[in-house]
Amino acid sequence: MAEELEYLSGFGAHLSSEAIPGALPRHQNNPLLCPLGLYAEQLSGTSFTSPRHLNQCSWFYRIKPSVTHEPFYPCIPGNKCLISEFNQHTTSATPTQLRWRPAEFSEIPTDFIDGLYTVCGAGSSFLRHGYAIHMYVANKSMEGRAFCNADGDFLIVPQHGKLFITTECGKLYAQPGEIVVIPQGFRFSIDLPDGDSRGYVAEIFGTHFRLPDLGPIGANGLAAPRDFLVPKAWYEDASYPNYTIVQKFGGELFMAKQDFSPFNVVAWHGNYVPYKYDLSKFCPFNTVLFDHADPSINTVLTAPTYKPGVALLDFVIFPPRWLVAENTFRPPYYHRNCMTEFMGLIHGVYEAKQDGFLPGGASLHSCMTPHGPDTKTFEATISRNEVNEPFRIEGTLAFMFESSLIPRVCQWALESPGLDKDYYQCWIGLKSHFSHNKESVDENGTKSSDIPQS
Ligand SMILES: O=C(O)Cc1cc(O)ccc1O
Ligand SMILES: [Fe+2]
């Protein structure tokens with residue numbers, strides 16, 4: 001059933017969709033009486049007065065408007081592992097290289113809302129600047145409840161288990177290797193047809209994802225706009241005695257009851273929409289002669305700040321591709337970065353880590369924290385003779401959320417049994433290969449250069 005879903009296509013396009021022909025008003029947004037007796041409702045994803053090229057909104061034509069619900073109350077117990085303000089009270093600062101093993105699946109029935117937990121982040125959803133990096137481990141479909149995130153946009157990266165997502169614009173299906181973006185304010189519900197499910201979520205506050213500029217690459221390459229797929233209108237005219245809307249607002253969960261399905265939009269139009277993207281459609285560019293290109297060459301989506309070229313959050317992938325650079329150390333270089341790098345692995349082995357970085361696991365290298373290939377990767381690379389031969393990296397898909405804002409880390413992530421306390425060991429074995437006039441000091445403090453040569 002999921003595979004049969006049809007989509008509209010085009011990143012940032014102004015689209016329209018009707019589940020019943022004629023349900024969209026012609027030539028105006030809010031006629032006195034909408035076709036089929038529907039209500040008109042606008043969802044604004046940018047301020048009304050945002051410049052036209054940034055403005056995002058959609059019009060829904062729905063059976064009842066979304067305001068038709070009882071008051072919001074705090075969810076009890078809610079989900080105490082969600083954070084949207086990163087300060088000394090909620091989180092810790094650490095420059096240490098961090099790595100986590102994949103979270104284990106649980107027997108306890110857990111849906112996407114309950115299974116979501118924040119790992120780190122920066123800024124504040126209230127101040128509309130910052131981001132949160134969450135992960136989820138769940139095994140149960142959301143039943144009789146929809147989620148609405150008032151704080152920001154979710155970029156969901158499933159790592160294990162398919163996601164079958166119903167949104168106000170219609171249905172989306174995503175499997176590991178694909179991503180889904182659910183913009184701020186959309187109501188959605190996630191079914192987990194495979195049961196056990198795990199993945200990563202980047203949440204951005206106060207802006208939306210864009211396709212990166214291509215500069216000298218030209219007009220084509222990387223992620224193509226037409227490969228972004230948007231649901232077609234789908235609705236249910238269903239009454240539920242106790243349907244619950246769970247609203248994330250300032251990182252806290254609130255719930256409101258209503259007696260009908262929120263997925264009652266018969267037609268919609270606009271450019272503020274959920275979408276999915278299959279990462280295998282990405283068209284990678286890279287060096288074709290020598291040296292290692294910076295990973296920004298593999299940017300799929302970027303959420304900008306007001307500083308040119310400085311991202312609030314870039315989504316970068318390391319997909320299968322040819323490596324052809326000659327006389328070049330081809331794995332990632334050793335580096336320290338003013339940007340922070342959070343990485344995840346969807347499947348396979350990452351090119352900079354021979355072991356320890358596992359599918360479903362994660363790593364965090366904060367601002368200016370040194371990192372790079374582990375000892376095994378370094379030694380294997382320099383001892384290989386065929387380094388000039390073209391080589392196809394296969395069977396792997398890693399990704400990075402890269403941000404200019406420095407994250408603070410949640411306590412549960414630092415105390416998690418999944419935290420790899422020995423992560424630093426993967427570099428400790430890197431030995432000096434320096435061989436020019438090597439100086440040593442013996443146990444008497446005598447320098448080798450002071451010992452007369454016979
Ligand atoms: O740290 C990492 O593994 C990500 C990364 C990859 C790369 O090819 C170059 C720089 C970089 O930060
Ligand atoms: Fe890096």
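In this predicted model, H292 is partly exposed, as 16 other C-beta atoms lie within 10 Å. A residue needs 20 or more such neighbours to be called buried and 12 or fewer to be called exposed, so the count for H292 falls in between. The histidine sits in the loop that links β21 (275-278) to β22 (299-304). Beyond its neighbours within four places in sequence, H292 makes contact with A325, T328, F329, R330, P332 and Y333. An unreviewed UniProt entry lists H292 under "active site".

Under "binding site", the unreviewed UniProt entry covers Y350 and H371. These residues span 22 residues in sequence, yet no two of their C-alpha atoms are more than 14.0 Å apart, so they gather at one spot. Y350 belongs to the loop between β25 (340-347) and β26 (362-365), while H371 is found in the loop between β26 and α1 (375-383). With 26 C-beta neighbours inside 10 Å, Y350 is buried; H371 is buried as well, with 23 other C-beta atoms within 10 Å. Once residues up to four places away in sequence are set aside, Y350 touches F318, L345, F357, T396 and A398. For H371, leaving out neighbours within four places, the contacts are Q97 and H365.

The residues surrounding ligand 1 are P295, P332, H335, E341, A352, H371 and M400. Sorted by class, this shell holds 4 nonpolar, 2 polar and 1 charged residues. One of the shell residues, P332, is also among the contacts of H292, which gives a handy link between the two descriptions.

The protein chain contains 3 helices and 29 strands. Its radius of gyration is 25 Å, close to the 22 Å that the globule rule gives for 454 residues, so the chain is as compact as a globular protein of that length. Along the principal axes, the C-alpha atoms fill a box of roughly 105 × 50 × 40 Å. Among contacts with a separation of 6 or more, 78% join residues 24 or more positions apart. Buried residues account for 41% of the 454 residues.

In soluble globular proteins, nonpolar side chains tend to be buried together. Here, the largest nonpolar core comprises 105 residues, of which Y61, Y131, L155 and F399 touch the most other members. The surroundings of Y131 can be followed residue by residue: not counting residues up to four places away in sequence, Y131 touches G121, A122, G123, A202, E203, I204, F205, L312, L313, S403 and L405.

Y7 lies in strand β1 (residues 7-9) and counts as partly exposed, with 16 C-beta neighbours inside 10 Å. Apart from neighbours within four places in sequence, the contacts of Y7 are L229, V230, P231 and K232.

Terms used:
Residues numbered from 1 in each chain as written. Chains lettered and ligands numbered in written order. Predicted model: local features only at pLDDT ≥ 70, side-chain atom pairs only at ≥ 80, totals over all residues. Helix = DSSP H or I, 4+ residues; strand = E, 2+ residues; numbered from the N terminus. Rg over C-alpha atoms; globule rule 2.2 N^0.38 Å. Contact = placed C-beta atoms within 7 Å. UniProt positions renumbered as here; feature names shortened; annotations may be inferred. Near = placed C-beta within 6 Å. Nonpolar A, V, L, I, M, F, W, Y, C, P; charged D, E, K, R; others polar. Core = buried A, V, L, I, M, F, W, Y, C linked by C-beta atoms within 7 Å.
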